[in-house]
Amino acid sequence: MSVYMIIDSKVKDEEKYRQYIDQVFPIVTKYGGRYHARGEKIRSFGTWKPERIIIIEFPSEDHVLQWLGSAEYAAIAPLREAGADTQAILIDGFK
């Protein structure tokens, strides 16, 4: 069953975050990920006011764990950490 990673990202260093974004897409794709949304144009209907949201679908939770544990991702993770404060959740797709 597909799982969805939803990431709330607040940019703190635009240059480092841009470097991360430029490199992460092919790594996500390699591990079966498919972007559904990635951007800053967000309309809020409540008190949650995220700056940037990313939604990625993966074939399974195992694919997510392989991606996050990969050497390729470990090499660029410091760019994300320096470039943005992020929070993420993983949710199962609808059965």
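Start by selecting helix α1 (residues 14–30) and helix α3 (residues 71–83): they pack at about 145 degrees, with axes 9 Å apart. Axes are lines fitted to C-alpha atoms over the stretch in contact, and angles run from 0 to 180 degrees between N-to-C directions. Helices (H or I, at least four residues) and strands (E, at least two) are DSSP runs, numbered from the N terminus.

This is a predicted model: local features need pLDDT of at least 70, side-chain atom pairs count only at pLDDT 80 or more, and totals for chains, interfaces and linings use all residues. Residues are numbered from 1 along each chain as its sequence is written, and side-chain values use heavy atoms, without hydrogens or water.

Now show the side chains between the helices. Among the α1 residues that meet α3 are Y20, V24 and I27; the α3 side includes Y73, I76 and L79. Contact means heavy atoms within 4.5 Å.

Next, pick V24. Leaving out residues up to four places away in sequence, V24 touches Y35, W67, Y73 and I76.

Move to strand β3 (residues 52–58). Six of its seven residues are buried, so β3 is largely enclosed by the rest of the structure. Buried means under 20% relative accessible area (1.4 Å probe, protein chains only).

Strand β1 (residues 3–11) runs antiparallel to β3, joined by seven bridges; S9 stands opposite R52. Strand β2 (residues 34–39) pairs with β3 in the antiparallel sense over five bridges, with A37 opposite I55. Two strands pair if DSSP finds at least two bridges between them.

Definitions and conventions
Buried means under 20% relative accessible area, exposed over 50%, partly exposed in between (1.4 Å probe, protein chains only).
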